[in-house]
Amino acid sequence: MEKPSTSNLNGDFLSEKSNEESKDSTSRPVTNIILNHDFSDGLQSWNPNNCDGFVVSSEGNSNYPLPAKLSGPSFAVITNRKESWQGLEQDITNRVSVASTYSVCALVGISAAPQRGSHVQATLKVENQDSSVSYIFIGKTSASTEHWDKIEGTFSLSATPKRATFYLEGPSPGVDLLIRSVVISCPGSTKFDIPSTRSLCDEDENANIIQNPRFDDGLNNWSGRGCKIVLNNSMSDGKILPISGKFFASTANRTQNWNGIQQEITGRVQRKLAYKVVATVRIFGNNVSSANVRTTLWVQSADLREQYIGISSVQATDKDWVQMQGKFLINGSPSRIIIYFEGPPPGTDILLDNLVVKHAAKAPPPIPPAIENAAYGVNIIANSNLNDGTEGWFTLGNCTLSVGHGSPHILPPMAADSLGPHEPLNGRYILVTNRTQTWMGPAQTITDKVKLYLTYQVSAWVRIGTGATRPQGVNVALGVDGQWVNGGQIEINDDRWHEIGGSFRIEKQPAKVIVYVQGADAGVDLMVAGLQIFPVDRHSRFRELRKRTDKIRKRDIILNLNTSDSFPLVGTFLKIEQTQNSFPFGSCINRSNIDNEDFVDFFTKNFNWSVFGNELKWYWTEPQQNNFNYKDADEMLTFCEARNIQLRGHCIFWEVESTVQSWLRALTKSDLATAVQNRLTGLLTRYKGRFKHYDVNNEMLHGSFYQDRLGKDTRVNMFKTASQVDLTPALFVNDYHVEDGCDSKSSPEKYIQQILDLRARGAPVGGVGIQGHIDSPVGPIVCGALDKLGILGLPIWFTELDVSSENEFVRGDDLEVMLREAFAHPAVEGVVLWGFWEMFMSRDNAHLVNAEGEVNEAGKRYLALKEEWLSRACGCVDGEGQFEFRGFHGSYEVEVVTIFGKKLTRKFVVDPGEDPIEISIDL
C-alpha cells in the first residue's frame with residue numbers, strides 16, 4: 001500500500017443528500033428469524049421436546065431455585081428431562097431459505113453442576129421432501145451455573161426442507177436447561193446482523209469509541225483520506241439503502257488504492273487493550289463488481305514514526321452490504337491514531353454503513369476436546385490391502401480401477417513408528433487408468449470413521465505409469481464438505497515406488513469426508529498401495545522422546561567440593577537448581593512489541609534468542625531506492641543486546657518475487673547486481689559481529705527472482721560475499737514445509753540436493769533453517785525429515801515455528817509435538833517461535849499469550865516444557881566430598897549448607913558432552 005503524505009490526511013468532503021428515504025418495509029432488514037427470542041411472551045412459539053418447560057420472569061415471583069449468579073429479565077427453564085436430547089425446539093420451516101448461511105447465537109445455563117455432561121448443543125432437525133431425516137450440528141458449549149454461556153455456530157440448507165426445527169439439547173438427564181435468548185440471523189441483503197445495535201447475545205457493555213458511527217449527525221467526525229466523502233440516504237436510483245440508520249457514507253474521486261473514509265480516534269484508545277472492530281461496507285462504480293476492502297489503523301508516535309496496522313479485510317461486492325470484523329491493540333503511546341477503509345482500485349467507491357470499535361470481550365474459558373475410544377494406530381481405510389478387490393473404493397471421474405501385483409511388502413518407514421497391529425502388505429495395489437483429468441483417482445468415504453480433534457497420519461506407496469514427460473506431483477487429499485485438505489504430496493520423475501506421507505485433523509463436524517489420490521497429468525496411470533490413515537498416539541510418542549532427550553540433552557555431573565583440611569565436608573548438604581537450559585529457545589519480535597512492558601516481561605523471562613519479524617528485511621530497510629530505514633532494527637538490536645538475547649538475522653534477501661520491492665524489479669540486470677552487492681556490504685558492515693546467524697536468501701525452494709535475473713551463480717556469490725564481509729555469523733538456508741510432507745516443492749531430498757549443490761560450488765552454507773509453519777504435526781514424519789537432513793552434518797534450527805488451532809488445548813498438543821521432536825533430535829541446535837502474543841503473529845489462533853497478557857493453554861504447555869527441561873537435585877556429599885547427579889546442559893546454582901549451618905552459594909555451567917563432567921566447587 002502506498003502511504004499518503006500528511007497533506008492528504010484530512011481530505012475534503014462533500015455533503016450531498018440524494019433521494020428521499022424509501023418507505024418500502026421490504027427493503028428493511030430482518031435481524032432474527034426466531035420468534036419470541038427472549039421469552040418475553042412466555043413459551044409462545046416454543047415447544048419442550050418430551051419434557052416440561054416454563055418461563056421465569058423478572059416481573060413476577062417464582063419459586064424456582066435459580067443459581068445466584070444467573071439473572072435476566074426472562075428466561076426459559078426446561079425441566080423433567082430424562083434424556084440428554086430432551087430440550088426446547090421451534091419450527092423455523094417458513095423462515096429459512098436454501099443456499100443462505102445462518103448465524104446462531106444462544107445464551108444458556110444449567111441449574112446445577114452435573115456429575116457428567118454439562119454440554120449444551122444447538123441442532124437443526126431437517127425433514128427432507130423424501131421423508132428422510134437429517135441432523136445438522138450447529139454448535140455447543142460447556143454450560144455453567146456461574147454465568148450465561150454462549151453457543152455460536154452457523155448452518156445452511158442445500159435443499160428446501162419439508163420441515164426445519166431448531167432445538168437446544170444436551171446436559172445430563174435430571175439437569176434443568178436454562179435459556180435466556182436465541183438469535184438466528186442471515187447476513188445478507190434482507191436478513192442482516194446489525195452491529196450498531198447491541199447484539200442480544202452480547203453481554204459487553206463497553207461503549208463504541210467511534211463518534212457518529214451511523215452518520216446520524218451527517219459527516220461530522222469523518223473525513224476523506226486522499227479523496228472526498230459524500231453523505232447518502234440512497235444511491236443507484238434507490239437500489240442501495242442504508243441498513244442500520246438513515247444514512248451511509250461513500251467516497252468520491254478515489255485516485256489511489258489507499259484513498260478511503262477515515263476517523264481520527266486519538267485519545268479514545270487505551271494502550272495494551274484489545275479492541276474489536278465491526279463494520280458494514282460495500283463497493284460501487286467503475287464497472288467493478290467485487291474488490292477487497294481493508295480496515296487499517298494509521299499510528300504515529302511522538303517522534304513521527306509511522307505504523308500501519310492491518311485490522312481486517314473482506315471481499316466486498318456491488319450487490320450487497322457485507323460485514324467485516326477484526327481486532328487491534330496498541331503497544332505504545334502514540335500521538336495520533338486514525339482508522340480508515342481502503343483497498344479497491346481507483347475509481348471504485350467505498351460505501352460505509354456503520355462502524356463499531358469497542359473493547360474486545362474476553363473469550364470464554366477454553367474446553368479441552370472430548371475424545372472417546374480413540375483407536376490409535378488403527379487404519380480407518382477399508383480394504384486397504386485389496387483382499388476384496390476394489391470393494392469399498394470408487395473413482396473420482398470416469399477413470400478405471402483394477403488390482404495389480406508387485407508393490408512393496410513393507411510399510412512405508414514414516415508409518416512404521418506409529419501404526420498399531422496390522423496385516424503385512426501383500427504386494428497388491430490399485431491401478432488407475434483412463435485418467436483424463438489430474439484430479440481423477442481412487443477414493444473412499446470416511447465420514448463416519450473420522451473423529452474430531454484427533455490427528456491422523458497418512459501413509460501410502462505411490463507410483464506413476466509410463467508416458468509422463470515431466471515430473472509428476474501426486475497428492476493424497478481429503479474432501480471435507482467440498483473443501484480440499486492436504487494429506488501429503490510428493491513429486492515423482494521415475495518409475496519407482498515412493499513413500500507419500502502427511503497428516504490432517506478436522507475440528508468442525510463435517511457432513512461428508514472422502515479421501516482420494518490425485519495429481520498426475522491426464523493420461524498418466526497412477527498406482528497406490530497400502531494406503532493407511534490412522535490416529536496417532538502422541539503421548540506414547542512423548543514417552544519415547546523423553547528417553548532420547550535424556551541421552552542427548554543431559555550429562556552425568558560430578559561435583560567436587562574443595563576446602564581446607566580444617567573444614568569438614570561430612571554432612572554437607574547441597575541444593576542444586578538449574579537456572580537456564582543452554583538450548584536456544586527464541587521468538588520473533590517486532591518494533592512495536594518492545595513498547596509493551598507486559599510483552600517484554602514474558603519475552604525476556606522465557607526466551608534467550610530472537611529474530612526480527614520484518615525490520616531487517618530489504619523491503620523494510622530500503623523501501624525506495626537509497627531511502628534507508630535502519631532505525632527500527634537499531635533499536636531492536638540494542639534492546640536485545642542489553643538483555644543478553646542472541647540474534648538471528650532474517651533475512652538478507654528473499655527469493656520470492658512478490659516480496660521484492662518494485663524499484664528492484666524495475667532495475668536492469670547490471671543495476672540489480674550492483675544493488676545486491678550494496679545490500680550485502682551495507683547491511684553486514686553496519687551490523688558486523690552482532691548477529692549470530694543470517695538467513696542469506698530466504699525460500700530458495702519456492703522462489704527464484706534473483707537467480708532468474710542474475711544467473712545461477714548469484715546464490716553462491718551471496719553466501720561468499722556475506723562470509724567475506726562478516727566472518728562471525730553462521731550462514732543459513734531457510735525454507736518451509738520441509739518437515740511435514742505436504743509440499744512437493746520442498747521435500748527433504750530436494751532441500752538436501754540444493755544445499756549440496758550450493759556447497760559444491762563454494763557457498764559456505766553453515767546451517768539448515770526449517771521454518772516450521774506446520775499444521776497437525778506428526779512426530780515420526782517430522783523426525784524422518786530431520787533424520788534425512790541430519791546427514792549433511794550441519795546444525796538444524798527451527799527458525800519460524802508456529803502451530804494453529806482454535807482450541808488452545810489442541811494448539812498446546814501441536815506445540816508440544818514440535819518442541820519435543822526438536823529437543824530430542826541430536827541434529828537440532830535451536831528453536832525460534834514465529835511470535836507468541838495474540839494479534840502480533842502471522843497466523844490466526846497460533847498465540848501463546850492472549851492480547852491483554854493472559855497466558856493461554858498453549859502458553860502454559862510451553863512454560864511446562866521449559867520447566868521440565870530444568871534439572872534439580874539435592875543431598876549430602878559423600879566421604880570424598882563428591883556429589884553426583886544427571887542434569888541438562890546449562891547454568892546452575894548450588895546452595896551449600898555445612899553441618900554448622902553456614903550457607904554458601906556457587907554457580908557452575910554444564911557444557912554439552914557425552915562423558916561425565918567433573919566440576920570443582922571451591923568453598
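**View 1. The side chain of Arg 505 forms a polar contact of 2.6 Å with the side chain of Asp 814.** The model shown in this and the following views is predicted. Arg 505 lies in the loop that connects β28 (498-504) and β29 (513-518). A second polar contact, of 3.0 Å, links the side chain of Arg 505 to that of Glu 507. With a relative accessibility of 14%, Arg 505 counts as buried, because the cut-off for that class is under 20%. When neighbours within four places in sequence are set aside, the residues in contact with Arg 505 are Tyr 453, Leu 454, Thr 455, Arg 538, Ser 776, Ser 804, Ser 805, Val 810 and Asp 814.

**View 2. Asp 52 belongs to strand β2 (residues 52-57).** Its relative accessible area of 39% makes Asp 52 partly exposed. The side chains of Asp 52 and Asn 80 are joined by a polar contact of 2.4 Å. Not counting residues up to four places away in sequence, Asp 52 touches Val 77, Ile 78, Thr 79 and Asn 80. Gln 315 is 263 residues from Asp 52 along the chain, and 46 Å separates the C-alpha atoms of the two.

**View 3. Helix α7 spans residues 669-686.** From first to last C-alpha, the 18 residues of α7 reach 26 Å, close to the 26 Å expected at 1.5 Å a residue. Leu 672, Ala 675, Val 676, Arg 679, Leu 680, Leu 683 and Leu 684 are the buried residues of α7. Viewed down the helix axis, the buried residues of α7 fall within an arc of 135°, so they line one face of the helix. Ser 670 and Thr 685, on the other side of α7, are exposed. The elements against which the buried residues of α7 pack are α4 (618-621), β35 (646-654), α6 (662-665), β36 (693-698), α8 (705-710) and α9 (713-725).

**View 4. An open sheet is formed by five strands in the order β11-β14-β19-β16-β17.** The pairing in this sheet is antiparallel. At its edges are β11 (223-225) and β17 (306-317), each of which pairs on one side only. On average, and with direction ignored, neighbouring strands of the sheet are turned by 25° against each other.

**View 5. Strand β16 (residues 290-300) and β17 run antiparallel and are joined by 11 bridges.** Leu 297 has Ile 309 in β17 as its bridge partner.

Definitions and conventions
Residues numbered from 1 in each chain as written. Predicted model: local features only at pLDDT ≥ 70, side-chain atom pairs only at ≥ 80, totals over all residues. Heavy atoms only, no water. Helix = DSSP H or I, 4+ residues; strand = E, 2+ residues; numbered from the N terminus. Expected span 1.5 Å × (residues − 1). Buried < 20%, exposed > 50% of the residue type's maximum accessible area, 1.4 Å probe, protein only. Arc of directions from axis to C-beta. Contact = heavy atoms within 4.5 Å. Polar contact = N/O pair within 3.5 Å; in protein donor to acceptor, adjacent residues only side chain to side chain. Pairing = 2+ DSSP bridges. Axes fitted to C-alpha atoms, helices over the stretch in contact; angles between N-to-C directions.
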